[in-house]
Amino acid sequence: MKKTSLKDIAQKAGVSTALVSYVLNGKEKETRVGEVIAKKVREIAKELNYQPNHLAKSLRSGKTHTIGLIIADISNPFFANIARVVEDEAKRNGYTVIIGSCDENADKSWDLLNVLINRQVDGFIIVSCEGSENQIQYLKERNLPFVLLDRHFPDIQTDFVATNNYKASYDAGIHLIKSGYERIGLIAYKSEMYHMVERIRGYKYALSDNNIEFESNWLKEVQFETMERDVKTAIDELLASNHKVEALIFATYGLAINGLKYINELRLKVPSDLAIVSFGQAEVFDLYYCPITYLRQPLELLGKTSVEYLLKKLKNPDEGMKQMLMEAKLIARDSSMAKSAWLAE
């Protein structure tokens with residue numbers, strides 16, 4: 001079948017090819033095309049199944065109307081869901097998203113970045129991983145538009161949209177303390193990434209603000225690459241000490257899933273043997289025999305705002321820097337039930 005051209009639409013509408021171009025490029029108002037004619041042109045274009053030549057348009061404008069999205073771990077429901085939000089919001093604004101997962105690996109992140117640059121994406125939304133600071137500096141030095149999502153580097157001034165991780169972790173600690181728990185552990189990643197440092201800091205301050213002396217063996221930091229094995233070791237150590245923990249915060253969804261599997265293997269009861277609070281949200285937390293208390297991050301708002309910030313930069317390169325921290329909400333469930341409640345059962 002012959003591909004419909006602007007000339008075909010113009011002939012059927014009885015107007016010039018230039019007028020059809022103005023209408024289909026959304027410029028009818030500035031070129032003073034009447035509403036009736038504009039509507040007729042769009043209807044004929046739809047009837048003839050007109051498909052614009054994006055390549056030609058990109059060559060003329062220097063824009064591809066694509067956004068590169070690099071996320072940390074596509075297997076994590078948080079990142080999978082946030083990618084969907086970014087994709088939907090970008091589509092609503094006429095952009096296509098090319099998604100890549102770096103699996104928390106800086107080398108893979110660098111490879112993805114280069115592929116996307118070669119694809120000539122208009123801008124980037126990036127969930128940074130450890131060791132990727134030089135990549136962010138590279139984008140800055142070349143004035144390539146980008147927004148950091150969920151994670152940022154405090155020593156590098158950039159646009160970012162993230163969760164207030166300190167406050168979220170602090171709230172988790174306070175919740176457990178108010179529920180009657182004092183010996184509270186935290187399993188986190190061994191990382192210098194700011195979001196993880198802030199989660200550890202919030203946890204420690206929740207204890208100190210309530211006159212609970214932090215014990216170093218209550219904090220376990222594990223490697224992402226050996227997470228399953230390290231989480232098991234961490235839980236064994238947390239429960240083996242004379243001052244064993246009675247409640248546990250998982251700093252990520254992935255850590256929680258591995259931890260809960262092992263807690264089941266040990267036949268420990270939640271919350272009577274071990275109370276649980278986790279970062280992240282997923283359906284599996286509802287399916288667990290004891291619904292898990294979690295910190296719900298505003299993933300929809302995070303995703304939409306990151307697209308909004310990037311599009312503003314694309315339209316106006318001199319747009320001022322934008323940085324936003326959003327609040328997580330603690331959703332209390334049975335896994336952190338007050339000690340007095342389950343002791344009475």
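**Entry 1: ground rules.** I am looking at a predicted model, where local features need pLDDT of at least 70 and side-chain atom pairs count only at pLDDT 80 or more, while totals for chains, interfaces and linings use all residues. Residues are numbered from 1 along each chain as its sequence is written, and side-chain values use heavy atoms, with hydrogens and water left out. My helices (H or I, at least four residues) and strands (E, at least two) are DSSP runs, numbered from the N terminus.

**Entry 2: the sheet with S1.** I looked up an open sheet of six strands, and its order is S2-S1-S3-S4-S5-S11, with parallel pairing. Two strands pair if DSSP finds at least two bridges between them. At the edges I found S2 (96-101) and S11 (323-326), each pairing on one side only. Neighbouring strands here are turned by 15° against each other on average, direction ignored. I then picked out S4 (residues 146-149) and S5 (residues 160-163), which run parallel and are joined by two bridges. Leucine 149 stands opposite valine 161 in S5.

**Entry 3: H6 and its neighbours.** H6 lies across S1 (66-71), S2 and S3 (123-126), and it runs at about 175° to S1. For such angles, axes are lines fitted to C-alpha atoms, for helices over the stretch in contact, and the values run from 0 to 180 degrees between N-to-C directions. H6 (residues 106-118) also meets H7 (residues 133-141): their axes come within 10 Å and cross at roughly 25°. H6 and H7 are therefore roughly parallel to each other, a label for angles under 35 degrees. Which residues touch? Ala106, Ser109, Trp110, Leu113 and Ile117 in H6 meet Gln135, Tyr138 and Leu139 in H7, where contact means heavy atoms within 4.5 Å. I sorted the residues of this contact into six nonpolar, two polar and no charged; Ala, Val, Leu, Ile, Met, Phe, Trp, Tyr, Cys and Pro count as nonpolar, Asp, Glu, Lys and Arg as charged, and the others, Gly among them, as polar.

**Entry 4: H2 against H3.** The axes of H2 (residues 17-24) and H3 (residues 35-47) come within 10 Å and cross at roughly 85°. That makes H2 and H3 roughly perpendicular to each other, the term for 65 to 115 degrees. Leu19, Val20, Val23 and Leu24 in H2 meet Ile37, Ala38, Val41, Arg42 and Ala45 in H3. By class, I noted eight nonpolar, no polar and one charged residues in this contact.

**Entry 5: the sheet with S8.** I found another open sheet of six strands, ordered S7-S6-S8-S9-S10-S12, with mixed pairing. Its edge strands are S7 (219-222) and S12 (329-331), and the twist averages 20° from one strand to the next. S8 runs parallel to S6 (residues 184-189), with four bridges between them, and four bridges also join S8 to S9 (residues 275-279), again parallel. Isoleucine 184 stands opposite alanine 247 in S8. Phenylalanine 250 in S8 is the bridge partner of isoleucine 187, and in S9 its bridge partner is serine 278.

**Entry 6: around S8.** Are the residues of S8 (residues 247-250) buried or exposed? Ala247 and Ile249 on one side and Leu248 and Phe250 on the other are all buried, that is, under 20% relative accessible area with a 1.4 Å probe, protein chains only. H10 (residues 227-240) lies across S6, S7 and S8, at about 165° to S7. H11 packs on the sheet too, touching S6, S7, S8 and S9, with its direction at about 155° to that of S9.

Methods: Angles under 35 degrees count as roughly parallel, over 145 as roughly antiparallel, 65 to 115 as roughly perpendicular and the rest as oblique. Buried means under 20% relative accessible area, exposed over 50%, partly exposed in between (1.4 Å probe, protein chains only).
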